[in-house]
Amino acid sequence: KAGEGKTIMFFDEICDVSRSTQKACHSVFCGHKFGDIQGPIHMALVGAGNPPDISTTGGSLSLAMKMRVCQLEAKCDPITFAQGLRNGFPSADIISIPNNWTELIPAKNSLVASFIEARPELAETQADQDHLPSASPRQWTHVAVYNAICEASGMLGCRSILLEGCVGHGPAFEYIKWEKDMDLPAPLDILSGNFAWPSRGDQILAMSKSL
């Protein structure tokens with residue numbers, strides 16, 4: 001539904017696409033551009049594929065593609081599947097994101113920057129298996145965006161899954177643990193002036209950089 005801002009483009013078996021075709025998809029994922037044609041700016045891009053051990057061609061996402069997507073592992077719960085067969089599968093819940101959610105991005109960028117300064121060895125990492133998410137500067141910028149979306153929409157329960165899909169399990173776990181230990185006021189409270197300065201030096205430094 002392009003006219004309603006609800007356009008979804010679905011790429012099936014994306015892991016079996018050749019490297020040259022994946023290269024051609026870079027502009028699609030980065031700018032919603034199909035050659036010289038500009039697609040809807042609010043279009044959602046979704047792909048599905050299998051890991052190399054069970055994919056049709058043994059293929060996987062190229063490194064460049066991995067740096068442009070959030071990879072979510074789909075797991076089948078047998079009981080949920082059985083209930084769906086019997087009663088029908090429910091439609092996915094659609095969560096509304098406030099229009100001003102992007103106002104949180106600068107503060108989240110600052111938090112990610114403070115984390116990288118504290119843990120520079122996690123700025124770039126290599127996953128145990130090539131096809132799995134791994135950390136890179138590009139993916140850490142995605143972490144900041146997903147952090148902003150999750151907080152603005154009140155869906156912090158989804159945050160660990162999304163962050164892991166960007167930078168991998170280890171770096172995502174370390175970031176969330178670091179942020180929890182920092183115990184900083186929520187960005188929305190900072191923006192409204194409804195906060196108290198923390199007592200620790202590292203907390204004050206991280207918070208001052210986010211203002």
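Tutor: The protein chain has ten helices and four strands, where helices (H or I, at least four residues) and strands (E, at least two) are DSSP runs numbered from the N terminus. This is a predicted model, in which local features need pLDDT of at least 70 and side-chain atom pairs count only at pLDDT 80 or more, while totals for chains, interfaces and linings use all residues. Residues are numbered from 1 along each chain as its sequence is written, and side-chain values use heavy atoms, with hydrogens and water left out.

Student: What percentage of the residues of the protein chain count as buried?

Tutor: Buried means under 20% relative accessible area, exposed means over 50%, and partly exposed lies in between (1.4 Å probe, protein chains only). The protein chain has 211 residues, and the part that counts as buried is 35%.

Student: How are α7 and α8 oriented to each other?

Tutor: Axes are lines fitted to C-alpha atoms, for helices over the stretch in contact, and angles run from 0 to 180 degrees between N-to-C directions. Helix α7 (residues 159-167) and helix α8 (residues 169-182) have axes 7 Å apart and pack at an angle of about 135°. Angles under 35 degrees count as roughly parallel, over 145 as roughly antiparallel, 65 to 115 as roughly perpendicular and the rest as oblique. The orientation of α7 and α8 is therefore oblique.

Student: How do the residues of the contact of α7 with α8 divide?

Tutor: Contact means heavy atoms within 4.5 Å. On the α7 side are Arg159, Ser160, Leu163, Glu164 and Val167, which meet His169, Pro171, Ala172, Tyr175, Ile176 and Glu179 in α8. Ala, Val, Leu, Ile, Met, Phe, Trp, Tyr, Cys and Pro count as nonpolar, Asp, Glu, Lys and Arg as charged, and the others, Gly among them, as polar. The division is six nonpolar, two polar and three charged.

Student: How is α5 oriented to α8?

Tutor: The axes of α5 and α8 are 11 Å apart, and the two helices pack at an angle of about 105°. That makes the orientation of α5 to α8 roughly perpendicular.

Student: What is the class of the pair formed by the rings of Phe115 and Trp140?

Tutor: Rings of Phe, Tyr and Trp (its six-membered ring) pair if their centres lie within 6.5 Å; planes under 30 degrees apart count as stacked, over 60 as edge-to-face and the rest as tilted. A search of the whole structure finds seven aromatic pairs. The ring centres of Phe115 and Trp140 are 5.4 Å apart with planes at 50°, so the pair is tilted.

Student: What is the class of the pair formed by Phe115 and Tyr175?

Tutor: Phe115 is buried at a relative accessible area of 0%, and Tyr175 is likewise buried, at 0%. Their ring centres lie 5.2 Å apart and their planes are at 85°, so the pair is edge-to-face.

Student: Which residues form one aromatic cluster?

Tutor: Trp140 is buried, at 4% relative accessibility. The members of the cluster are Phe115, Trp140, Tyr175 and Trp178.
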